[in-house]
Amino acid sequence: MSDTLLVMKYGGTNMQDARAIRHSATLAARSIQEGIRVVVVVSAMAGVTNQLLQIADAAQAGDIARANDEIAAMRTRHFTAAQELGAAPDSDTVRELREMHETLRQAVYGVYLLRELTPRSRDLIVAFGERLSAPLMKLALEQLGQRAHHLTGGEAGIVTDTHFGNARPLPGTYGRIKDRLSGLLGAGVTPVVSGFMGETEKGAITTLGRGGTDFSATIIGKALSATEVWGWKDVDGVMSADPRVVKDARNIDVLSYGEVMELAYFGAKVLHPLAVTPLQDSGIPLRLKNSSDPDFAGTLVQAEPRDEAGHPVKAVTAIRNVSIINVSGAGVLGIPEVIASVFDAIARENVTLLMVSQSSSMSNVSLAVQTVDAERTLNALRAGVSLELQVEQQDNVAVLAIVGSGMRGQKGVSARLFTALAAQDVNILMISQGSSELNISVAVEAAHVDDATRSVHAAFSLGTAVSAG
């Protein structure tokens with residue numbers, strides 16, 4: 001038995017049907033057969049999380065027939081996968097899946113009766129996606145001759161606060177995970193953990209926010225002092241831009257924790273924005289790998305950035321569906337407490353600010369938020385800030401960000417960005433640069449974001465030699 005321990009996380013496309021699950025299990029078994037200890041962390045089957053959210057909403061709206069139809073379809077999908085993976089109709093796996101769907105049906109019926117969907121009920125319902133896929137992965141590993149045992153996030157030791165929908169692990173989590181999983185690993189059993197979920201100290205199921213399976217994997221990685229955490233994806237790793245928008249986008253070899261967090265925050269669908277935080281203290285590397293090309297190294301995420309001469313920027317990314325909220329009022333904003341009240345009102349609503357920019361005369365503050373949060377933000381500001389202020393909303397905005405640790409102290413980076421945008425006649429609505437100098441972000445009209453992305457990608461020569469070194 002080697003000392004190497006890997007935590008392997010599988011995303012939705014790697015769990016979407018029997019074929020994908022069998023392939024994912026083969027990737028884990030390959031390492032186990034080399035004497036490496038592996039903990040597997042699974043996402044829901046592709047599309048199931050959204051389906052569960054729709055089921056919960058249908059029940060709340062009183063459409064129980066639609067909710068039950070969707071549950072039946074989901075049940076068929078999971079049963080079919082179990083059957084194709086070799087489970088007999090009277091097997092433990094099929095019995096577990098049946099019982100879980102029945103529990104789900106009851107939870108959904110409760111929402112329908114009350115016509116009330118609390119954050120707590122929503123977490124209970126949405127976590128079924130991961131709970132249903134773990135037994136399938138266990139089955140696939142057993143069919144390959146490996147001993148495996150599946151656990152919910154809570155059973156694996158992930159204890160969280162009560163912030164349903166976006167819970168955070170409590171400090172005691174790491175010790176509990178170590179206690180609960182070390183025994184299994186020591187006995188030669190591979191733990192299969194349902195990602196995205198934990199539980200409160202009282203045992204209520206919580207979820208860790210969208211993309212939270214990455215977060216589960218890194219929490220477990222820290223608890224077990226893993227050698228590396230591997231995120232299996234359906235792409236090569238982190239790309240220099242969205243390959244659907246930029247044809248010559250390239251894989252990036254090495255990124256720092258800070259760079260990956262910026263990319264995740266600014267819309268690159270690489271990771272849960274908090275996923276690297278558990279690894280930062282311990283310096284455990286995270287590797288993002290392509291399940292269809294397992295021998296390709298992918299992207300290594302580590303503590304130190306690797307700066308490449310002539311490539312201060314590593315990637316360009318964009319967040320769509322953004323709105324700008326402009327708060328203005330002559331002379332009023334010169335008063336610090338007014339600014340404080342603006343941020344207070346937003347904090348109370350738990351809205352994430354993508355960008356903030358303030359005019360030097362202090363008579364105007366612009367805030368970029370996701371459009372889905374815009375109305376809540378407006379209402380909060382109107383209710384919580386003095387009446388002399390005007391609050392306006394501008395929709396159809398996107399935020400484009402360039403990210404790279406090499407921008408620090410490098411002259412001319414902003415000039416290249418703005419020249420590239422000007423060349424495409426892109427109008428800049430807002431500009432923001434953090435003091436970390438890891439990113440510069442600009443808000444532009446949504447209609448121009450793809451052209452802007454391509455132009456900026458070319459201006460920084462990201463299609464060539466990004467991965468040199």
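## A buried alanine and its surroundings

Ala167 has a relative accessible area of 0%, so this residue counts as buried. Keep in mind as you look around that the model is a predicted one. You will find Ala167 in the loop that links strand S3 (148-151) with helix H7 (173-186). Which residues does Ala167 touch once neighbours within four places in sequence are set aside? The contacts are Thr160, Asp161, Thr206, Thr207, Leu208 and Phe215. For a sense of distance, Arg376 lies 209 residues from Ala167 along the chain, and their C-alpha atoms are 21 Å apart.

### The whole protein

Stepping back, the protein is made up of 14 helices and 16 strands. Its C-alpha trace extends over about 70 × 60 × 40 Å along the principal axes. The radius of gyration is 24 Å, which agrees with a compact globule, because a globule of 469 residues would come out near 23 Å. Of those 469 residues, 54% are buried. Contacts also reach across the sequence: taking pairs at least 6 residues apart, 76% of the contacts join residues at least 24 apart.

Let us start with strand S2, which covers residues 37-42. Is S2 mostly covered or mostly exposed? Five of its six residues are buried, which makes S2 mostly covered. Strand S1 (residues 5-10) runs parallel to S2, and six bridges join the pair. Within this pairing, Leu5 sits opposite Arg37 of S2.

Now turn to helix H14, residues 449-459. Its buried residues are Val449, Ala452, Thr453, Ser455, Val456 and His457.

Just past the end of H14 comes Ser461, where the backbone adopts a positive phi of about 50°.

Notes. Residues are numbered from 1 along each chain as its sequence is written. This is a predicted model: local features need pLDDT of at least 70, side-chain atom pairs count only at pLDDT 80 or more; totals for chains, interfaces and linings use all residues. Side-chain values use heavy atoms; hydrogens and water are left out. Helices (H or I, at least four residues) and strands (E, at least two) are DSSP runs, numbered from the N terminus. The radius of gyration is taken over C-alpha atoms; the globule rule is 2.2 Å times the number of residues to the power 0.38. Buried means under 20% relative accessible area, exposed over 50%, partly exposed in between (1.4 Å probe, protein chains only). Contact means heavy atoms within 4.5 Å. Two strands pair if DSSP finds at least two bridges between them.
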